[in-house]
Amino acid sequence: MVHKPILEINNLRVEFPTRHGTLVAIDDLSLHIDPGEVLGVVGESGAGKSITGAAIIGLLEPPGRVAAGEIIFDGRRIDTLADGEMRKIRGRHIGAIFQDPLTSLNPLHTVGRQITDTIVTHLALTKRQARARALELLAEVGIPAAAERIDHYPHQFSGGMRQRVVIALALCAEPKLIIADEPTTALDVSIQAQIIVLLKKLCSQHGSAIMLITHDMGVIAETADRVAVMYAGRIGEVGPVFDVIHHALLPYTIGLMGSIPSISEEVDQLTQIDGAMPRLNETPPGCSYHPRCPEAHERCAVERPELIPVDRSQVACWLYDTAAKDHDPPPPRKKVKAARRKRTGTTGASPRPLIEVRGLKQYFDVSPPLLTRLLQRTGRRVVRAVDGLDLTINRGETFGLVGESGCGKSTVARTIVGLHDATAGTISYDGISLSTRQERAKNQSYQYKMQMIFQDPQASLNPRWRVSDIVAESIPESRRTSSGGVAARVDELLRQVGLSPADGAKYPHEFSGGQRQRISIARALGGEPEFLVCDEPTSALDVSVQAQILNLMSDLQRRLGLTYLFISHDLAVVHHISTRVGVMYLGRVVEWAETAQLFNNPQHPYTRMLLDAVPDISKTGTHRTQVEGEVPSPIDPPSGCTFHPRCPYATERCRTETPASIRSENAAVACHAIEEARLPAWKAA
Amino acid sequence: MSAAPIITRSESRRGMARRFWDSDLAYSFRRSKVAVAAGVITFVYLFAALFAPLIAPHDPYDMASIRILDAFLPPAWVEGGDSRFLLGTDNVGRGVLSTIIHGSRISLGVGLASVILAATLGVTLGLISGFVGGRVDAVIMRIAEVQLSFPDILIALLIDGIIRSILGPGAHGNIAFFVVIAAISLAYWVQFARTVRATTMVEKSKDYISAARVAGKSPSYIMFRHLLPNVMGPVLVIATISLALAIVTEATLSFLGVGVPPTQPSLGTLIRVGNDFLFSGEWWITIFPGIALAIMGLSVNLLGDWLRDALNPKLR
C-alpha cells in the first residue's frame, strides 16, 4: 500500500491494575486503518473491542492505562499526549459514536445547541455560521423538518432519530476517523438498517475512516471493508470482509461464523464452540483460544502465535506457520458452511393444538393521577400492548414470534403464563381455559406445565440463592416427597442442561451469562413442563454462547417432547429454531406461516420490510433497500391497518378499515392489499 | 463445560472467613483508618457492655459495697482523689468509671433493642408497601410521611407519654425499659420502611420474581424468601446509623427524666444526675459520662457512614 494509514496501533497493551493483580485487557495489539476505510472490529463481550476504542481517543476508565505500545494518528503519536492536547484532537479529528443514543446527548440542551457548541469549539466559525452548518448536518443525517427540529430537546426524538443526531455531532468537525462503538445495538432491526446505510454513505462523502466496533457479524458484513476479529485482548485474524466471513482461517473465526444463524439456510444444529471466553485474570498461556480450539496441538498451549500473513489476510494461528517443519502443512481453507447439517424434516403427524389464544387484549392504564387529569382536562391514557391477538401453537412445535420493540411480544408471553390478567380474550391449554385468575387457580396442575425462560440471565436468578435452591423452586409440592428426592431431581436437572451437580452449591454470580441461562432452563424444567415460553432467551448472550443455548433447546425439545413459544427480535434466530413463525406489529399478528414459507415467500408488507432490513452474513457486500419510518406508539396507534403510515401500498381503505386475517391452509395474513390482489410478488433475494 | 472442582458445602463454609477477608467490603474496611478506629472503639464498647460485671472495678448496684463517705471524690489524678476510683465518685459514692461501664451496657442494650424492633417493623411494612402497592402502600406511606414531619425526639416523647399515661403511675422498674424501647423504635421505623419499599419496588420488577410467580409461589413466600435477602444491604447501613441516633435519643429521654429508671442508670441518666453538681465544682460526675456518650455515638455513626459509602457503588 502506498498511502499512509490514518491510524496505526503498534503493540498496544492496556492494563487495569487492581488489588488482585494487574489485569491485561489488551495485549500486544497492532492494527491500522487507511483513510476512508471502514474497519470492523468484532468479538464477543470481554474481547477488548471497546477498550481499544477508548484507548485510541484517550478515554480509558481509570485505573486503566496504556502500558506499552504506541498509537499513531495521522503521523503523530497520540497515546502520550497531555489531556489538553488530546481534547483538541478528540471531536476535531477523531469523532465518536456510542451505543446508547439516550445517554450520549445532554438532556438539558437542545440538539442544535449541542451541535453548534461542538462546531464553535473545533472550527473557526461564528455562532451564526455554526448554526447554519448544524442545520445542514441535521438535514444530511435525514432528520425531517430540520429547521424546526434543531431547537428540540433530545427526549423529543425517537431512538433512531437520536442516533442520527449523534452521528451529526460526530461528523460536525469533519473528523478523519470516527470510532463507532456498537452504534446500532440499541436500535430495532429496521432502524438499524437505516443507520448503517446512513453512516456508510456519510463517511464516504466526507472521506472519514470508521472503526466500527460491534458484536453483530451481520452489521460488519454489510458495512466493513476489512474486519479484525478479536479474542481475549488480541487480534486473531484480520483481512478483507468477504474472506473473513466466507473463508475464515482462524479456527475461532470458523467456529464463530458457524454459530451465527442465518435467514438464508436451514440447519439442524449450529456449529458449537464449547466453553466461553476466558476472564481477564485467567487467560491461558500460549494461544488464549487453545482450550476451546478443535485444532489445538502441543505448541498452542505453550507458545503464543503472532499475526502471520496468509493471502490477503493475517492470522495469529500456528496452523498457518509454514516456517515450522515439524507438523503437517496448513489445512486447506475450510468452507465454513460445510460444518453445518441440513435441517431434518418435521414429523408428519397431524398437528394437535396445545395452546389456543383467541382475541387476546392486554391494555395497561398509564393515566396520570385523577387530580392531574382533572386539572389538565385529559382523559385516561391506555397502552394497547396486545390488541386482538389470535394464536395457535401445536404440540411439539416451536412457534417463533418476531417483531420490533414495543410491538407487545413480551406482553403476550407474560399474559399466556399468567403474569398478567388478560383484559379480554381467552387462553386455553390443551382445551382447558386458563384465561382468568379464577380459572388458573382451579387448574393449578396446569400451571406447572407452562414455564418461562427469561431474557436477562442476570435478573432472572435470585442473587442470594444457591443454584440448587433456584432450580428446586419450580419442583411442585406434590413431588417433594422427601428432601433426598428433591436433591436427586436437582442434580438430574443440572445434568440435563449440561452443568455438573457440584454447581448446585454455588451462587449465580459465579457463572457466565450462558451458564446462567442454563440454570434458568433447568429451573423451568423442574415442574416437568410440556410448554416453555422463551422470551428473548439468547438476546443477552454472545453468538457462540447463543449457539450453545439454541442447540441445548433443540436437544431438550427432542428428548422431552417440549413445545416452545420462542419470542425474539432476531429474525435469523427465529428462522433457525422455529417450525412456524408469526410476525407481530403493534399488538397483532399480521402474518403467520410455516418458517420456510414465511422466509421464502413473505406476504405482508411489514414482513417483507423486516426481511429486507435484517443484516445477515450472507449479504456481505450487497446493497440494501432502506426502510422508512419508525414503530408508532401503542398509546395512540394509527387508525385502520396500524402499518399504513409506513406501508408503500397503503390506500384509503387501509387508513380507515382494520384488515381481518385471511386464512389459507397453513398460513394467515391480515392485509387489504393482499385481499385485493394488488401486492406485487416477492422477489427472492 | 470445563471440569469444575467439586465443592462440598462444608468446604465452602470453611472458606467463608477467608472469602470475607478477601471481599471488597473487608478490603475497604482495612483501607479506611477512620473505619478501623471507629470499629475498634465500637468493639471495645460492646465488649465492655457485655462483660460489664467482670470489667467494672465496682458494682454500682450493690448497695452493700457503696459507702456514702466515698461520695464526691475527684478523679484519681486530681488532688484529694482516691486510687480506688479512677474517674472519681458521684453523689452517693459510686465509682464514676463503674457507672459509665454499666451505663454503656444499658445505653447500648436499649439502643440495639430499639433498632432491632424498628428494623423489624420498618422492613416488614416496607416490604408489604412496596410489594402490594396500591391502597396499602398509600396508607403506610402517608403515616410514615406524617411522622417524618415531626422531630424524632418529639415522637419518642409523645409515644413515651402516651404509653405511660395508659400504664398509669405504677409503671416503673423493668416496664420502663420496654416503654423507652417502644418509643424509640416507633420513632425510627420510617427510615427502614421507606428504603425497603424503594428497594422492593426495584427488585420486584426483576425476572426472578416473575419466575417465582410462574412457579405458583404465594406472595408471602416471594416477599420473605426472595425479596427479603435482597433488600437487606441498605437495611444494615440504616441500622448502624440508627443505632447511633437511638443511643443519643435514649440519652436525651433519660436526661429529661422520662427514660430508664434511675436505679439502673444509663449514660443519659448519669449526665442528668451529674448536671446538678456541675456548678458546685464536681464536674467529673457529668463530664466523663458525657465524653463516653459522645465517643460511643460518634464511632457508631462513623462506622455507619463508612458502611454506607462502601456499599454504595456510586460513591466509590
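Author: A crossing of two helices is called left-handed if the near helix is turned anticlockwise from the far one by less than a right angle, and right-handed if it is turned clockwise. Helices (H or I, at least four residues) and strands (E, at least two) are DSSP runs, numbered from the N terminus. The model is predicted, so local features need pLDDT of at least 70 and side-chain atom pairs count only at pLDDT 80 or more, while totals for chains, interfaces and linings use all residues. Residues are numbered from 1 along each chain as its sequence is written, and chains are lettered from A and ligands numbered from 1 in the order in which they are written.

Helix 3 (residues 111-122) of chain A packs against helix 6 (residues 159-171) of chain A at about 15°, and 9 Å separates their axes. Axes are lines fitted to C-alpha atoms, for helices over the stretch in contact, and angles run from 0 to 180 degrees between N-to-C directions. The two helices of chain A, helix 3 and helix 6, are therefore roughly parallel to each other (angles under 35 degrees count as roughly parallel, over 145 as roughly antiparallel, 65 to 115 as roughly perpendicular and the rest as oblique). Helix 3 and helix 6 of chain A cross in the right-handed sense.

On the helix 3 side, Val111(A), Gln114(A), Ile115(A) and Thr118(A) meet Val165(A), Ala168(A) and Leu169(A) of helix 6 of chain A; residues are in contact if their C-beta atoms, placed from the backbone, lie within 7 Å. This contact of helix 3 with helix 6 of chain A has five nonpolar, two polar and no charged residues (Ala, Val, Leu, Ile, Met, Phe, Trp, Tyr, Cys and Pro count as nonpolar, Asp, Glu, Lys and Arg as charged, and the others, Gly among them, as polar).

Chain A also has an open sheet of four strands, ordered 2-1-4-5, with antiparallel pairing. Strand 2 (21-33) and strand 5 (76-77) of chain A stand at the edges with a single partner strand each, so one side of each has no neighbour in the sheet. Strands pair if DSSP finds at least two bridges between them; nine bridges join strand 1 (residues 7-18) of chain A to strand 2 of chain A in the antiparallel sense. Opposite Val24(A), in strand 2 of chain A, stands Glu15(A). Across strand 1, strand 2 and strand 4 (65-73) of chain A lies helix 1 (residues 49-56) of chain A, which runs at about 75° to strand 2 of chain A.

Notes:
Two residues are in contact if their C-beta atoms, placed from the backbone, lie within 7 Å.
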